[in-house]
Amino acid sequence: MDAILVVNAGSSSLKFQVFGIADANLTRQVRGQIGGIGTRPRLQAKKADGTVLIDRSYAAEAVRDLPAAIAAAREWLLTLDGFELRAIGHRVVHGGPDYAQPVLIDTTVLDRLASYQDLAPLHQPNNLAPIRLAMEINPDVPQVACFDTAFHRGHPEHADCYALPRAFYDQGVRRYGFHGLSYEYVAERLSEIAPEAARGKVIVAHLGSGASMCALREGHSVESTMGFTALDGLPMGTRPGQLDPGVVLYLIIHKGMSAQAVSDLLYHDAGLKGLSGLSNDMRDLLASDDPHAQLAMAHFVYRCVLNSGMLAAALGGVDAFVFTAGVGENSARVRARIVEGLAWLGAELDPLANEAGASLISTARSRVALHVIPTDEELMIARHTLTIISAPNA
């Protein structure tokens with residue numbers, strides 16, 4: 001069977017999926033990951049039906065970094081029978097001003113994407129590492145980059161510019177938005193389960209370790225809480241979200257911190273982790289009675305509600321609100337607290353549906369339809385990859 005391999009590489013995990021191609025249709029065959037890289041490495045993979053294919057732990061030194069994880073995953077993937085690899089699709093967080101659509105990767109594209117590494121230091125270097133390795137090992141296999149920024153391209157200039165001299169915008173200093181592959185999937189899925197709502201004004205909350213929100217009108221992005229980098233907007237696991245740039249100047253000028261030290265603080269030691277002093281994981285905060293954990297949760301919910309008002313203003317109203325990603329899909333408590341703050345929009349939660357994790361969690365009286373939609377970024381990558389390699393000039 002012809003197949004597409006989808007790769008989503010992060011700092012501590014490497015996720016992969018295999019999709020079969022039959023009559024221009026995609027079917028998920030294998031889903032896997034190596035987590036705990038450098039600490040407690042573990043390779044897990046299952047068939048689409050849930051059958052376990054492998055569950056193997058490694059010594060920390062055996063899979064100490066992402067290249068080692070890539071090598072381990074590749075070694076196991078080569079043992080799979082019945083698949084003929086047609087292409088590899090990759091999630092790439094930042095496409096910069098150059099890439100508004102998925103693109104076939106060559107050395108020129110790779111070099112251009114590498115120039116954006118400082119704009120997404122948690123993600124971009126890891127996204128590009130498996131691309132480079134595949135180029136060396138399998139140079140004849142096409143690779144496609146799919147961008148988290150692409151879905152948000154097309155905003156009017158007045159929405160995406162900063163109040164800086166024009167030259168900076170022309171050089172690419174502008175608001176991009178992220179989690180676009182997730183929003184693209186949710187927009188498509190919402191059109192299937194609630195087509196009338198999907199044609200209207202929708203806020204989607206992608207709430208996970210990385211978190212952002214997006215305003216959709218007729219399935220298209222019109223505004224996002226994230227901007228030039230993935231630091232902006234909502235507080236996240238280790239990132240602060242919206243921050244007065246004067247804070248950065250203060251840390252450098254008055255506290256003597258280097259630019260690298262400030263970068264480390266904002267990307268690794270801020271957000272829920274910094275505010276709680278306990279953990280970057282919402283599950284830990286929910287289970288804790290520590291007042292700092294409660295503060296971090298309250299701050300997260302408050303900023304979600306506050307940004308909902310901004311997105312509602314951009315849309316001129318709200319017809320539906322969608323929760324997605326790890327926290328959004330799995331935490332009934334967080335959903336309930338956010339919806340409580342959306343009462344001014346006419347949102348009314350059905351507590352039983354919310355606790356049950358139903359797809360529709362609003363009451364019949366609610367003026368805003370409330371949905372929970374599991375995201376599927378890997379499927380979007382596979383679809384884009386298939387489209388690219390199926391083009392006549394591919």
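**Entry 1: what kind of model**

I noted at the outset that this is a predicted model.

**Entry 2: the sheet of 8 strands**

I began with the sheet that runs in the order S5-S4-S3-S2-S1-S6-S8-S7. This sheet of 8 strands is open, and its pairing is mixed. Which strands stand at its edges? I found S5 and strand S7 (103-104) there, each pairing on one side only.

Next I followed the strands from the S5 end. Strand S3 (residues 25-35) and strand S4 (residues 42-47) are antiparallel, with 6 bridges between them. S3 and S4 make a hairpin with 6 residues between them. In that turn, I saw that Gly 36 has a positive phi of about 65°.

I then moved on to S4 and strand S5 (residues 52-57), which also pair in the antiparallel sense, here over 5 bridges. Ala 45 is bridged to Ile 54 in S5. The S4 and S5 hairpin has 4 residues between the strands, and Gly 50 takes a positive phi near 95° in it.

His 90 has Ala 145 in S8 as its bridge partner. Helix H3 packs on this sheet and touches strand S1 (2-9), S6 and S8. The direction of H3 makes about 160° with that of S6.

I stopped at Leu 133, which sits in helix H3 (residues 124-137). Buried, exposed or partly exposed: which is Leu 133? Its relative accessible area is 24%, so Leu 133 counts as partly exposed. I also checked Leu 133 against Pro 67: they are 66 residues apart along the chain, yet their C-alpha atoms are separated by 8.3 Å.

**Entry 3: the sheet of 5 strands**

My next stop was the open sheet of 5 strands, ordered S11-S10-S9-S12-S13, with mixed pairing. Strand S11 (220-224) and strand S13 (369-372) each have a single partner strand, so one side of each lacks a neighbour in the sheet. On average, neighbouring strands here are turned by 25° against each other, direction ignored.

I looked at the S11 end and found strand S10 (residues 211-217) running antiparallel to S11, with 4 bridges joining them. Cys 214 is bridged to Ser 224 in S11.

Which helices pack on this sheet? I listed two. Helix H6 (residues 180-193) touches strand S9 (201-207), S10, strand S12 (320-324) and S13, and its direction makes about 130° with that of S9. Helix H12 (residues 291-315) touches S9, S10, S11 and S12, and its direction makes about 20° with that of S10.

**Entry 4: helix against helix**

I went back to H6 for its packing with helix H16 (residues 377-390). On the H6 side I noted Leu 181, Ser 182, Glu 184, Tyr 185 and Glu 188. They meet Glu 377, Leu 379, Met 380, Ile 381, Arg 383 and His 384 in H16.

Helix H9 (residues 259-268) was next, and its buried residues are Val 262, Leu 266 and Tyr 267. They cover an arc of only 120° around the axis, so they lie on the same side of H9. What do these buried residues of H9 pack against? The answer is helix H8 (245-253).

**Entry 5: the cysteines**

How many disulfides does the structure hold? I counted 0. For Cys 146, the nearest cysteine sulfur is that of Cys 214, 18 Å away, and Cys 146 is in no disulfide. Cys 146 counts as buried because its relative accessibility is 0%. Cys 304 is in no disulfide either; the nearest cysteine sulfur, again that of Cys 214, is 14 Å away. Cys 304 is buried too, with a relative accessible area of 1%.

Terms used
Residues numbered from 1 in each chain as written. Predicted model: local features only at pLDDT ≥ 70, side-chain atom pairs only at ≥ 80, totals over all residues. Heavy atoms only, no water. Disulfide = S-S within 2.5 Å. Buried < 20%, exposed > 50% of the residue type's maximum accessible area, 1.4 Å probe, protein only. Pairing = 2+ DSSP bridges. Helix = DSSP H or I, 4+ residues; strand = E, 2+ residues; numbered from the N terminus. Axes fitted to C-alpha atoms, helices over the stretch in contact; angles between N-to-C directions. Contact = heavy atoms within 4.5 Å. Arc of directions from axis to C-beta.
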